[in-house]
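Please examine the sequence and the three-dimensional structure shown below. The explanation that follows is intended to be read alongside both.

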Amino acid sequence: MLGRLFVKDKGFYRTVAVMALPVVLQNLITIAVNMLDTIMLGAYGEIQLSGSSLANEFISLYQILCLGIGGGAAVLTSQYWGAKDVPAVRRVVALMLRVSLGIALLFMVATLFIPETIMRIYADEQPVIEAGALYFRISAPTFLLTGIITPVTVVLRSVRQVRLPLIASIISFSSNLVLNYILIFGKLGLPEMQIAGAALATVLARIIEAGIILVYLLGLDKRIGMRFRHLFARCGDMLRPYLHYSVPVIISDFLLGLGNTAVSIVIGHLGSSFVSANAIISQTVRLSTVMNQGISNAGGVMTGNTLGRGDRDTAYRQGVTFLMLSVLMGLLAAVIILAVCPPVINAYNITQETKDIAFQLMYAIAIMVVFQATQSMLTKGVLRNGGDTRFLMVADIAFMWLVSIPLGWLAGYVWFLSPFWIYVFLKIDYIIKTVWCTIRLKRKTWMHGFTAGGGKAVKAE
């Protein structure tokens, strides 16, 4: 009986692999860039490591918001693509870019004019605040660049174009690798810039990546057929469906980003040792979960395309199959974390206290990563691209803000629990969302669709 719920077509799994692997490779490259910053700055001690890590938490807040902007648009574009309504896809992209670049300006202004104020939210130690503020001032242009790269990449994936973002990431990574080495350590006759060099290298690499994305989108792409004039074309007919499905995604991802920021604040005020330990471990966690991120992306796009064709039964079986794949990916990630983290932790020039905290975090993460994988598949993949954005907004907001953050704060500042339990409580929403969203998947109430060409949101029959 259970076997009937799974997709058995070999072509389906080949398509998953073709769509997931470029996303996996792109995410690996992104992680490698972040690890380069962490490893290279680690040579200068915990102050610069903590400053760049906490500054990047705020930058990640905007990146998450961009993912929400792109993800909300992808709910529409994946189904319009399945319905072969390409002009509607172009209008959604134009609207999306106007939103993302407008918000980018606000973040850029904030990091240019009040960097110390922002850093004080994350840390108490003045040297860490000053290091992070310096990183902010130099990296401010990355907000505009990310406002192009991230949402466009998400939309390109929704129409099954996954190779171009990968190529752009490879070139960006190569540039960042070379520039990091030259600017941080002062090679080729340049001054030793340390944390400022890491920030500048990131900006230059992002300029290269954004340039590649724009040249392709507005000049070479034949799938969407987007050209410069389309950026200024009327797209009022897309406003209502975009707001209907995108706003819950944007709110959900932004509040999740704020929730992650609140988690970082809790961690940041526990001291530089906890911050450094978390920064070291988090890179390994991201490395171990990239396969599930790729499959989650494939799950969202494929179920969205299927619903765009009006095939509810196939979409449901695809959703169940992707959920089971995410469980396997979560277990694999746990094994990788337990195998890789010990040598990674010991490779850093950190105090014994920081190492001890890192090992405790390792065991907590190995447990929670399984639930992280499953809830990510449902909330960022299958259910989201099925159009169930309002339900997911409630799930994301309620469980993180009403459960995880309060319990994490109590664990750290009232109950004075060990780092293991602090982390478990800070991430306990993963478990709750896994259960709640699995029930939602089974009930099939997550499947929504759109009329081809009209832009009006309707229930798929």
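This is a predicted model: local features need pLDDT of at least 70, side-chain atom pairs count only at pLDDT 80 or more; totals for chains, interfaces and linings use all residues.

Residues are numbered from 1 along each chain as its sequence is written, and side-chain values use heavy atoms, with hydrogens and water left out.

Helices here are DSSP runs of H or I with at least four residues, and strands are runs of E with at least two, numbered from the N terminus. The expected span is 1.5 Å times one less than the number of residues. Because 16 of its 17 residues are buried, helix 6 is largely enclosed by the rest of the structure. Buried denotes under 20% relative accessible area, exposed over 50%, and partly exposed in between, with a 1.4 Å probe and protein chains only. Just after helix 6, R160 adopts a positive phi of about 70°.

Helix 11, residues 290-308, can be examined in the same way. Its 19 residues should span 27 Å at 1.5 Å a residue, which agrees with end C-alpha atoms 27 Å apart. Of these 19 residues, 17 are buried, so helix 11 is largely enclosed by the rest of the structure. G310 follows helix 11 and has a positive phi, near 85°.

Attention now turns to a helix pair. Helix 13 (residues 352-385) packs against helix 15 (residues 419-426) at an angle of about 35°, with the axes 8 Å apart. Axes are lines fitted to C-alpha atoms, for helices over the stretch in contact, and angles run from 0 to 180 degrees between N-to-C directions. The contact (heavy atoms within 4.5 Å) involves I357, Q360, L361, Y363, A364, I365, I367 and M368 of helix 13, together with P419, F420, Y423 and V424 of helix 15. By class, this contact comprises 11 nonpolar residues, one polar residue and no charged residues. Ala, Val, Leu, Ile, Met, Phe, Trp, Tyr, Cys and Pro count as nonpolar, Asp, Glu, Lys and Arg as charged, and the others, Gly among them, as polar.

Side chains of opposite charge can pair when their charged atoms come close. Six salt bridges are found in a search of the whole structure, each being a side-chain nitrogen of Lys or Arg within 4 Å of a carboxyl oxygen of Asp or Glu. One of them joins R206 to E209, with the closest N and O atoms 3.5 Å apart. Both residues lie in helix 8 (residues 195-220), three residues apart, about one turn of the helix. R206 counts as buried at 16% relative accessibility, and E209 counts as buried at 6%.

Another salt bridge links K380 and D396, whose closest N and O atoms are 3.7 Å apart. K380 lies in helix 13 and D396 in helix 14 (residues 389-413), so the pair ties together parts that are 16 residues apart in sequence. K380 is partly exposed at 28%, while D396 is buried at 1%. D396 also forms a salt bridge with K433, the closest N and O atoms being 2.9 Å apart. Since K433 belongs to helix 16 (residues 429-443) and D396 to helix 14, this pair ties together parts that are 37 residues apart in sequence. K433 is buried, at 2% relative accessibility. Through shared partners, salt bridges join K380, D396, D429 and K433 into one network.
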